[in-house]
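Please examine the structure shown below. The account that follows leads from the overall fold to individual residues.

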Amino acid sequence: MPFQSRWTIDIPNCHLATLLFTSPTHPLSQTRPCFLDAARPDTHYFTEHAFRLWSQRFAAGLRRAGLQRGDRVLLFSGNDLFFPVVFMGIIMAGGIFTGANPTFVARELEYQLRDSEATFLICAMGSLATGVQAARGAGLGLDRVFVFDNAVFEQYGADQGTDRIHKKHEEGLRGCRYWGELIASAEEGSRFVWEDLMTPGAADTRTLALNYSSGTTGRPKGVEITHKNYVANLLQYNFLFYLYPDWVERVARARWLCFLPMYHAMAQNIFIAAALRRGVPVYIMPKFDMLTMLEYTEKFRITDYIIVPPVVVALAKHPAVRSGQYDLSSVEGVFSGAAPLGAEVCEQVEKLWAPGQIKVRQGWGMTETTCSLLGWDPRMQPHPASVGELNANCEAKIMADDDKTELGPNQRGELWVRGQNIMKGYWKNPGATKEAKTEDGWLKTGDIAFVNDQGLFHVVDRKKELIKVKGNQVAPAELEAILLDHPAVADAAVIGVPLNDDERPRAYIVLNSGQTATKKDILSFMDGKVSPFKRITGGVVFIDAIPKNPSGKILRKMLRERANAEIQPTARL
């Protein structure tokens, strides 16, 4: 018998923008900020009305530039005040949003451009060299590459059109166009109407985003998230908040700080969609910086830390936090996701506040579940080793290795989940979809979990091979393929090893007979071929043979056991 959520809620059939704005002309606040540039919040912000209008203007411009329903648009940028505008404008226009990690090298970006078959690339000015190289490699014309920054805030304000590009942008575009060309006038934007997708089945089938994930194994795959998926997960996530007895008072004083990358499912769903629906202003940082986060927490009276384990660890250990020089008293909740977190670290963080004020709550989800699937009833005392209980409308099974036997409470097995927030499938990859998702809708997560007698879930291990580095997914197969290109390497295997409450990729290398290479040679060979978080920072070990089963599958469990033995003596020093 599957485990069922305690709650059932209504999930409407509609476009995400319809849920958030009601309609293209519904009255919205013109005074209450929803998104703010954390560095310039007094002058650079959007009210709800302004955000919808900017999004409509971008949507109208995309349509005018030839965007067709279902076309993919790739945004290659760090966080920015206009990131939510690009996201919302693409989906208003009927396109499919896909975001790429801003630290990608050209090879990685080219892969995503090719795989998604993107028709437009919106590329941050600072990453243009990478963007142009990737676009050329993918066969995307530079007339479809648009240079992105937030200078449009002054250039193309609410009463201005986009007939010209300021002279300062005419140079340095490397043959590309400025994205301001895609922003229609305020008058044209205000008339733009998106499809509401309220006809039966429309929201269930219309893809909103391709958020790239490695799934359980292999190269990154585009996870197709529909409007129904997105609407469901937004409402599921917010539902838990409304269980607070004093939620009205809480939402009135709520302030969020977003430094998690908005290309990623977690920040996208929570900071763009859920925050807007809940009416929480979001201060946007370009990227994470510990001291800046602490400074802004004090300055803006941030109420909730929605973060990932490396940030939790930094909170526990950073001298600037422990010194007490920053006022963090406004913080009412600390919520962590993306990877497991140790109980000891949670307890260290909780001690930064008065006894009982803060309890770290861990949740669980994955790109394939849109964002979240397990969370906490705020009326309950959280357990530091648990990731909570099922979202509304969700169900789960704990399955034995035979994929047939359902296990009961306190028995460990693979976590399977089902709900309206489960992905449509992997983009143009029916084989991978069939491996991950059963015909009756169960997603095989690849995580090993158990459910205790209170119905609380504990994720204890990973059946899948992914390595999580600071919340980012690293596929061993990708790194192994690159390592095998080295002329001295005969065979290679990569696993994750624990380091400072995180994971790091560790390479085991078999050299060709008669060839030599040093650890430094291997690390130098990887430079420039992968993003910084994918680098082999967990060590390079030369061995005689990679352990494999008869069919050739790498026996990673044996390598992990070996790595534990190799690391333990160091840990005791």
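Predicted model: local features only at pLDDT ≥ 70, side-chain atom pairs only at ≥ 80, totals over all residues.

Residues are numbered from 1 along each chain as its sequence is written, and side-chain values use heavy atoms, with hydrogens and water left out.

The protein chain contains 19 helices and 27 strands; these are DSSP runs numbered from the N terminus, helices being H or I with at least four residues and strands E with at least two. Its radius of gyration, taken over C-alpha atoms, is compared with a globule rule of 2.2 Å times the number of residues to the power 0.38. The value is 24 Å, close to the 25 Å that the rule gives for 573 residues, so the chain is as compact as a globular protein of that length. The C-alpha trace spans about 70 × 55 × 55 Å along its principal axes.

Of the 573 residues, 59% count as buried, where buried means under 20% relative accessible area, exposed over 50%, and partly exposed in between (1.4 Å probe, protein chains only). Among contacts (heavy atoms within 4.5 Å) with a separation of 6 or more, 71% join residues 24 or more positions apart. The accessible surface comes to about 23700 Å², and carbon and sulfur atoms hold 50% of that area; accessible areas come from the Shrake-Rupley method with a 1.4 Å probe, and for residues only the protein chains shown count as cover.

Side chains of opposite charge can pair when their charged atoms come close. The structure holds 31 salt bridges, each defined by a side-chain nitrogen of Lys or Arg within 4 Å of a carboxyl oxygen of Asp or Glu. One of them joins Glu-117 and Lys-428, with an N to O distance of 2.9 Å. This pair links distant parts of the chain, 311 residues apart: Glu-117 is in the loop between α4 (106-116) and β6 (120-124), and Lys-428 in the loop between β20 (425-426) and α16 (430-436). Glu-117 is partly exposed at 37% relative accessible area, whereas Lys-428 is exposed at 54%.

Another salt bridge pairs Arg-206 with Glu-195, the closest N and O atoms being 3.3 Å apart. Arg-206 lies in the loop between α8 (202-205) and β9 (207-213) and Glu-195 in the loop between α7 (186-190) and α8, so the bridge ties together parts that are 11 residues apart in sequence. Here Arg-206 is buried, at 18%, and Glu-195 is partly exposed, at 32%.

Because Arg-418 lies in β19 (residues 413-418) and Glu-395 in β18 (residues 395-399), the pair ties together parts that are 23 residues apart in sequence. Salt bridges that share partners also join Arg-6, Asp-377, Arg-379 and Glu-389 into one network.

Tyr-242, Trp-247 and Val-248 make a nonpolar surface patch of about 260 Å². Patches consist of residues with over 30% relative accessible area and no salt bridge, like charges being joined within 9 Å and nonpolar side chains (Val, Leu, Ile, Met, Phe, Trp, Tyr) within 5 Å. Trp-247 belongs to helix α10 (residues 247-253) and is partly exposed at 32%.

Finally, Asp-403, in the loop between β18 and β19, has a positive phi near 60 degrees although it is not glycine. Lys-470, also not a glycine, has a positive phi of about 50 degrees and lies in the loop between β23 (467-469) and β24 (472-474).
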